Each structure stands twice: as structure tokens, then as C-alpha cells.
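Please open the model in your viewer and keep the selection panel at hand.

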Amino acid sequence: MNRPQRITVLGATGSIGLSTLDVIARHPERYQAFALTGFTRLAELERLCLRHRPRFAVVPDAGAARQLQAALSAAGLPTRVLVGEQGLCEVAGHPDVDAVMAAIVGAAGLKPTLAAVEAGKRVLLANKEALVMSGALFMQAVRRSGAVLLPIDSEHNAIFQCLPQDYVRGLGAVGVRRILLTASGGPFRETPLERLPDVSPEQACAHPNWSMGRKISVDSASMMNKGLELIEACWLFDARPAQVEVVIHPQSVIHSLVDYVDGSVLAQLGNPDMRTPIAYALAWPERIDSGVSALDLFSVARLDFQAPDEQRFPCLRLARQAAEEGGSAPAMLNAANEVAVAAFLERRIRFTEIASIIDEVLNREVSAAVETLDSVLEADRRAREAACRWLARAGR
Ligand code: NAD
Ligand code: MG
């Protein structure tokens with residue numbers, strides 16, 4: 001293809017969205033922003049549109065659309081501003097789009113991400129919650145449409161890089177014994193357990209190695225992020241939960257490893273900067289400059305590993321339980337977590353109550369089969385209601 005590839009960035013104003021646009025801007029001959037979407041921080045979206053001149057922008061409501069459309073038209077841009085979930089799905093599945101970066105946070109990204117998959121696009125998947133909620137349907141849609149699914153999560157991107165190209169034949173068939181999913185352990189890896197109930201949202205969001213959005217930062221602090229990633233790995237690589245082992249590696253230099261039956265272990269290393277997996281997925285199977293500096297092993301000096309402590313990180317245990325249960329359990333886990341994290345960020349609950357809420361929702365709501373999108377959304381709704389009942393009962 002000699003024209004630049006047209007890229008839709010869902011969640012352009014977020015941490016992953018901005019890193020994606022940084023990589024795109026380094027290669028104007030290869031990539032061009034086709035559509036940019038934002039939900040809050042719409043002044044930032046306007047700035048991004050002026051910089052990248054996309055064909056479409058998407059905002060949450062008609063008022064915001066009028067305002068952004070007026071500003072962009074006044075600046076002489078031909079950009080058309082669309083609205084809401086329908087607008088998101090339209091720019092995700094648009095016939096002129098080559099690749100879609102799915103970087104909306106949470107369940108809100110499910111329908112637009114699926115729209116990109118169903119349209120057979122190259123889908124760069126950051127929005128892990130979409131896959132966790134609807135894994136079976138999502139992977140079926142990938143196979144049916146011929147979409148090319150490339151993981152952006154640094155761990156899954158690393159695993160993808162360490163697997164042979166024909167891994168879809170099955171992990172056993174290509175000689176894989178286990179996947180080793182690395183985790184930094186987050187900001188509370190060594191905090192005395194009795195202090196965990198009193199940690200603040202600011203402390204939870206101060207990740208030692210990565211700069212990320214607030215929801216995933218809290219997930220990293222509780223290690224629910226690793227739990228969601230365990231489920232994500234099972235779908236992406238057709239692994240059983242027991243084949244995925246979590247390894248705490250505080251330096252975040254090894255992004256994950258694959259252990260083969262002959263005793264070989266392959267790892268992918270690099271500085272913790274999401275532009276590496278983003279550039280890899282944009283250019284795959286080629287490699288391009290991402291703007292990330294070369295890894296200096298002498299300044300890293302050492303790589304440490306430890307087993308995760310489930311007493312400290314009960315969310316990890318709950319996620320493994322949901323992964324093993326299957327059906328709608330992962331969607332319920334995700335929904336309960338989204339409600340609990342939002343309540344924690346609003347200072348309505350304690351950090352340690354995030355796990356209490358999810359535990360109750362998973363143990364009260366029965367997991368059912370999820371064969372349609374409606375059944376996934378129904379499980380999501382029921383789990384949110386159950387989590388809200390917990391909050392109401394506790395007077396929060
Ligand atoms: P963020 O909060 O910085 O950005 C989220 C984006 O989603 C923003 O553009 C926001 O406007 C948009 N958004 C939020 N709610 C929306 C809604 N209801 N409808 C439409 N758009 C909405 O988050 P992030 O850190 O960029 O993470 C994005 C996704 O990528 C998450 O699923 C996260 O788990 C995943 N991820 C992030 C990182 C990272 O380093 N930041 C790493 C791996 C995976
Ligand atoms: Mg990750």
C-alpha cells in the first residue's frame with residue numbers, strides 16, 4: 001500500500017490514545033489519523049483534531065458536537081463531528097479505515113471495538129475489558145470476519161512477540177508449557193497490610209513504573225489489572241487459566257515470557273513505555289521507530305522476581321476464580337470492578353472494599369452462558385446493580 005494507512009483512534013484523549021498519536025506523527029508517510037474520539041477533556045480533543053486533521057471526530061453528546069464542529073469549521077478543517085456510541089461504531093467499522101486503536105477504557109469500549117472486529121479491521125486492542133466481557137463472542141467474530149487482532153497490553157504484546165507465528169494451532173502443538181505474565185506489583189507491593197484500608201486514590205494512581213489512566217492505575221494497585229490480563233491471555237492465546245502464571249517483577253523491564261517444553265524461556269524486554277507495543281502493532285510484521293529510548297541494561301542492573309501474595313491481592317484470586325468459572329463470570333467480575341473502582345476514586349469506599357464488593361457480586365450472582373451480546377450486557381447490568389446494592393447497604 002503506498003498511501004498512508006488510515007487509523008481510527010477510539011479514546012484518543014487518553015493515555016494510550018495520546019501515545020498512539022505520538023507514534024503516528026513520527027511516520028506521516030505511513031499513517032494518518034482518520035477519526036479521533038473523546039469523552040471528557042474535549043478541549044484536548046479539539047487540539048488533537050487541529051494537529052492531526054482527521055476526517056471524523058466523535059464526542060458524547062449533541063451539545064459538545066455543535067461546539068467542536070463550530071471550532072473546527074472556523075479553523076478551516078473539513079472534519080465532521082459525530083455523536084455517541086453510534087458515532088463510535090461508525091468510525092470503527094468505516095469502509096475507508098485500515099486499522100483501529102481500541103483505547104476506550106472499560107465496558108464503554110465493547111460495542112465500538114466489536115464493530116471494528118466485525119468489519120474485519122486490523123484491531124489494536126488496548127481495551128482489555130471488552131475482551132474480558134465477551135471473550136467467546138469476540139474471538140468468534142475475529143475468526144468470522146478475518147480481522148487481525150494485535151494486543152497492545154504490554155504483556156500480551158510481549159507474549160505475541162515470543163510465540164511462533166503459527167501459535168493458533170494451539171499452545172501444546174507449538175511446544176508451549178506455560179505463559180509467564182509479569183506484574184510490577186504496583187504501588188502497594190510492600191505497604192504493610194494494615195495500612196491498605198487507608199490508602200488514597202492519589203497513592204493508588206502513583207504507579208512506580210507506568211503513567212496510565214486512573215482506572216487502570218487503581219487496577220494495577222489492586223492487581224485486578226493482572227487478573228483481567230490473565231483472562232485476556234486465555235482468550236488471545238487459547239490458554240487454560242492454569243497455563244498462565246503470574247510473576248511479580250518490580251522493574252517492569254521484562255514484559256512477559258513464554259516457557260517451552262524443551263526448557264527454553266523466551267522473554268521480551270524494553271523500557272516501560274507503551275509506544276513500543278503500539279509501534280509494533282501498527283507496523284507488524286515490520287518494525288518502526290517508536291520514540292522509545294534504547295534499553296540500558298547497565299542502569300537496570302538487576303531483574304527481580306517474586307510470587308504474588310493473594311492475601312495482599314485478593315482481586316487476583318477473584319479473577320482466576322472467574323476465569324475458571326467462565327460463562328458470564330468474567331463480565332460480572334469486570335462490571336463489579338468498574339463500579340467499585342469508580343466508588344474508590346470518588347472516596348466513597350476504602351481501597352480494600354474493592355475486593356469485598358467483587359467477591360460478593362461473584363458469589364451471589366450465578367454465572368450463565370453468554371452466547372449473544374445481549375446476554376453479555378445483561379450480565380454486566382446485573383453485576384452493576386448488585387455492586388450498587390452493596391454500596392447502598394453500606395450507606396456509601
Ligand atoms: P484513559 O482514562 O487515559 O483514557 C480513556 C479514553 O477513553 C479517553 O479518551 C476517554 O475520553 C475515553 N472514554 C472514557 N469513557 C468513555 C465512554 N463512556 N465512552 C467513550 N469514550 C470513553 O485510559 P488509558 O490508560 O488510556 O487506558 C485505555 C485502555 O487501555 C484501558 O482499557 C486500559 O486497560 C488499556 N491499557 C492501558 C495501558 C496504559 O499504559 N495506559 C496499558 C495497557 C492497557
Ligand atoms: Mg498490561
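What follows goes from the domains to their contact and then to the ligand.

This is a predicted model, in which local features need pLDDT of at least 70 and side-chain atom pairs count only at pLDDT 80 or more, while totals for chains, interfaces and linings use all residues. Residues are numbered from 1 along each chain as its sequence is written, and chains are lettered from A and ligands numbered from 1 in the order in which they are written.

Begin by colouring domain 1 (5–151) and domain 2 (153–273 + 281–311) separately; these bounds come from an automatic or database domain assignment. The C-alpha centres of the two domains lie 25 Å apart.

Next, select the contact between them, to which domain 1 gives 21 residues and domain 2 gives 22, two residues being in contact if their C-beta atoms, placed from the backbone, lie within 7 Å. On the side of domain 1 that touches domain 2, α1 (15–25), α6 (128–145) and β7 (148–151) each supply at least two residues, with the largest share, seven residues, coming from α6. Helices (H or I, at least four residues) and strands (E, at least two) are DSSP runs, numbered from the N terminus.

Now select ligand 1 and the 25 residues around it, of which G11, G14, A108, M212 and G213 come nearest; a residue is near a molecule if its C-beta atom, placed from the backbone, lies within 6 Å of it. Within this shell, α1, α6 and α9 (214–222) each supply at least two residues, and α1 gives the most, with three. Finally, show both domains again around ligand 1: each gives residues to the shell, so the ligand lies between them.
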